[in-house]
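Subject: Handing over the model

Hi there,

Here is the structure I promised to send over. Have a look at it first, and then read on for what turned up in it.

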Amino acid sequence: MRSKIVAGNWKMNKNLNETKALLEELSGKLPKTEAEVIVAPTFVNLADTARTLESSEIKVAAQNMHFAKSGAYTGEISADMLLNINVDTVIIGHSERRAYFGETDDLLAKKVKAALENNMRVIFCFGEELEERKAGNHFKVVESQLKNGLFDLPADAWQHIVLAYEPVWAIGTGETASPEQAQEMHAFIRKTITEAYNTSIADEVSILYGGSVKPSNANEIFSKPDVDGGLIGGAALKADDFVAIIEAI
Ligand code: PEP
């Protein structure tokens with residue numbers, strides 16, 4: 001059975017003091033859940049967070065990584081550096097990385113490959129922009145992001161992949177895909193994976209929805225059969241909201 005996951009992407013928010021305070025509040029309020037709970041703080045606070053959560057139920061992820069082992073890549077972080085601080089999960093392909101930092105499908109495919117070669121788990125993000133949806137191209141866009149980013153992987157790599165469908169028009173905008181739109185796309189993603197690989201990979205991969213998930217809409221979105229959890233931005237920055245979203249799953 002595929003696992004349920006609620007992951008909080010803190011983006012470029014929370015300094016060290018604020019990170020510690022949020023972790024403490026979150027740990028204190030964490031409900032009993034079968035879902036895996038993950039937080040992804042900024043790089044500078046990652047080691048401290050991983051230490052703090054060493055014996056916690058809450059897992060830690062990085063928001064990005066470089067594909068190279070090491071070398072002259074100013075400002076970048078390698079898989080080895082993440083593993084060395086006990087972080088074995090990494091978000092790759094977030095729409096903000098694609099839009100503001102020019103990360104292409106090719107580059108993302110290299111990052112995914114590097115993460116998997118280092119036995120890391122990847123939360124791979126993808127999703128269409130508003131114009132693409134309005135033009136009716138959203139299925140095509142998603143299919144090509146999946147194909148270019150992931151479909152060169154061998155079948156056994158998929159056990160280390162989590163997918164996060166995040167329509168760009170719903171990220172940080174307050175506008176959410178309707179539960180029906182999320183379900184329709186998640187079902188399409190499974191069909192696309194079935195065609196490229198097989199049903200068992202398509203059935204086993206967790207597909208998270210991301211885009212303005214909040215306590216008031218989490219229940220309905222998570223109730224859809226192909227939605228296995230959420231990647232949460234803004235609402236993950238407040239312990240009460242994040243906890244309410246975890247409770248919704
Ligand atoms: C995200 O950035 O992954 C995200 C889903 O953000 P928000 O929840 O704020 O829309």
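A polar contact here is a pair of N or O atoms within 3.5 Å; inside the protein, one of the two must be able to donate a hydrogen and the other to accept it. Please keep in mind that this is a predicted model.

**Arg 98 and its partners**

A polar atom of the Arg 98 side chain is 2.8 Å from the backbone oxygen of Cys 125. The Arg 98 side chain also has a polar contact of 3.0 Å with the side chain of Asp 105. Arg 98 belongs to helix α4, which covers residues 95-100. Is Arg 98 buried or exposed? Its relative accessibility is 16%, and buried means under 20%, so Arg 98 counts as buried.

**The ligand site**

Next comes the ligand. It is surrounded by 13 residues, and Lys 11, His 94, Glu 166, Gly 172 and Ser 212 are the closest. Sorted by class, this shell holds four nonpolar, seven polar and two charged residues.

Which atoms come up against the oxygen atoms of the ligand? In the side chain of His 94, an N or O atom is 2.7 Å from a ligand oxygen. For Ser 212 the atom is a backbone N or O, at 2.7 Å from an oxygen of the ligand. On its own the ligand has 290 Å² of accessible area, and the protein covers 96% of it.

Lys 11 is not a glycine, yet its phi is positive, at about 50 degrees. Lys 11 is in the loop that runs between β1 (5-9) and α1 (16-29). Ser 212, also not a glycine, has a positive phi of about 55 degrees. The loop that holds Ser 212 lies between β7 (207-210) and α10 (215-222). Ser 212 counts as buried because its relative accessibility is 16%, with the limit for buried set at under 20%.

**Rings and charges**

Now to the aromatic side chains. How many aromatic pairs are there? The count comes to seven. One of them is formed by Phe 124 and Phe 126: the ring centres are 6.1 Å apart, the planes are at 25 degrees, and the pair is stacked. Phe 124 and Phe 126 are both buried. Ring pairs also connect these two with Tyr 165 and Tyr 209 in a cluster.

The one on Arg 97 is over the ring of Phe 101, at 4.0 Å from the ring centre. Lys 110 has its charged end over the ring of Phe 67, at 4.6 Å from the centre.

**A few other residues**

Asn 45 lies in the loop between β2 (36-40) and α2 (46-52). Its relative accessibility is 3%, so Asn 45 counts as buried. The Asn 45 side chain makes a polar contact of 3.3 Å with the side chain of Thr 19.

Ile 171 is in the loop between β6 (161-165) and α8 (179-196). Ile 171 is buried because its relative accessible area is 15%. Between Ile 171 and Ser 95 there are 8.7 Å from C-alpha to C-alpha, while in sequence they are 76 residues apart.

Tyr 197 sits in the loop between α8 and α9. At 19% relative accessibility, Tyr 197 is under the 20% limit and therefore counts as buried. Tyr 197 and Ala 155 are 42 residues apart in sequence, with a C-alpha to C-alpha distance of 6.9 Å.

Ser 200 is part of helix α9, residues 199-204.

Best wishes

Key. Residues numbered from 1 in each chain as written. Predicted model: local features only at pLDDT ≥ 70, side-chain atom pairs only at ≥ 80, totals over all residues. Heavy atoms only, no water. Near = heavy atom within 4 Å. Areas by Shrake-Rupley, 256 points an atom, 1.4 Å probe, with all protein chains shown as cover. Nonpolar A, V, L, I, M, F, W, Y, C, P; charged D, E, K, R; others polar. Phe/Tyr/Trp six-rings, centres within 6.5 Å; stacked < 30°, edge-to-face > 60°. Buried < 20%, exposed > 50% of the residue type's maximum accessible area, 1.4 Å probe, protein only. Lys NZ or Arg CZ within 6 Å of the ring centre and 35° of its normal. Helix = DSSP H or I, 4+ residues; strand = E, 2+ residues; numbered from the N terminus.
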